[in-house]
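I start with one residue and then step back to the whole chain.

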Amino acid sequence: MVRTLFGEIADRYDLLNHLLSLNIDRRWRRRAVEALGWERHPGGLYLDACAGTLDLAVELAGRRGFRGRVVGADFALPMLARGKGKLHGLGVSPLCADTELLPFPDGVFAGAMVGFGVRNLSRLPVGLAELGRVVRPGGRLVVLEFTVPPSRPVRWLYHAYFHRVLPLVGRLVSGHPWAYDYLPESVADFPPAEELAELLLRARFTRVEWRLLSAGIAAIHVATKEATRSP
Ligand SMILES: C[S@@+](CC[C@H](N)C(=O)[O-])C[C@H]1O[C@@H](n2cnc3c(N)ncnc32)[C@H](O)[C@@H]1O
């Protein structure tokens with residue numbers, strides 16, 4: 001269902017993202033890439049999982065001083081196809097792959113990131129375990145995701161916007177009858193930031209830090225995999 005949905009809205013996905021978030025999503029993505037710590041291994045291999053139209057991958061690969069490669073993996077081919085036009089020779093390799101069954105050996109990535117993707121996984125712990133498996137010891141996973149704001153007035157505004165304005169604008173612009181009803185429902189069903197931190201700790205990560213963005217509409221979790229100790 002999720003793969004079909006994103007395949008069907010791929011053509012309007014970027015436009016709606018920037019429109020519905022009033023462009024704040026660009027700033028959130030920059031924050032996510034800054035949290036990855038790629039400067040420690042600027043020539044490394046990185047994963048953007050649930051990469052969609054490749055915005056996070058492009059944000060990383062376009063950073064000054066980045067000399068590595070980013071695999072942008074998503075299971076909805078039309079989303080990746082849409083993103084290919086943004087690459088302009090950057091070190092990004094789009095790949096059609098399922099985050100719950102990643103086609104990579106253990107510890108191959110210097111770091112990984114997921115933007116607004118983990119919420120869509122049908123088996124969240126399985127997807128997080130896969131991400132924990134493919135990141136090398138000492139590497140980080142950055143998760144950028146919507147969350148429910150802690151403050152009551154902000155939460156009220158957020159609910160009004162997410163449950164009323166967003167589905168309506170989404171339906172009008174995308175032409176899809178229910179895709180933008182799914183978005184607020186998936187956020188409401190998603191574990192709060194504290195619980196996501198717990199789940200990351202169970203997925204081979206030893207340290208997890210998180211912070212809220214824009215009054216708690218979104219959160220960035222930074223999970224680090226324990227470095228192997230030399231004998
Ligand atoms: C909301 S979009 C986010 C896209 C992009 N990361 C961004 O920041 O805009 C969610 C993406 O996750 C992908 N996705 C959901 N479940 C997936 C899975 N199990 N494996 C791979 N991709 C998945 C969808 O196809 C979709 O492109």
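**Notes on Pro 150 and the chain**

1. Pro 150 touches Arg 155, Leu 212, Ala 215 and Gly 216, leaving aside residues up to four places away in sequence; a contact here means heavy atoms within 4.5 Å. Please keep in mind that this is a predicted model, where local features need pLDDT of at least 70, side-chain atom pairs count only at pLDDT 80 or more, and totals for chains, interfaces and linings use all residues. Residues are numbered from 1 along each chain as its sequence is written, and side-chain values use heavy atoms, without hydrogens and water.

2. Where does Pro 150 sit? Its place is the loop between strand E5 (135–146) and helix H6 (152–174). Helices (H or I, at least four residues) and strands (E, at least two) are DSSP runs, numbered from the N terminus.

3. Pro 150 is exposed, with a relative accessible area of 54%. Exposed means over 50%, buried under 20%, and partly exposed in between (1.4 Å probe, protein chains only). The C-alpha atoms of Pro 150 and Ala 193 are 10 Å apart, although 43 residues separate the two along the chain.

4. Now for the chain as a whole: 8 helices and 7 strands make up its secondary structure. Of its 231 residues, 54% are buried.

5. Among contacts between residues at least 6 apart in sequence, 71% join residues at least 24 apart. The C-alpha atoms fill a box of roughly 60 × 40 × 30 Å along the principal axes.
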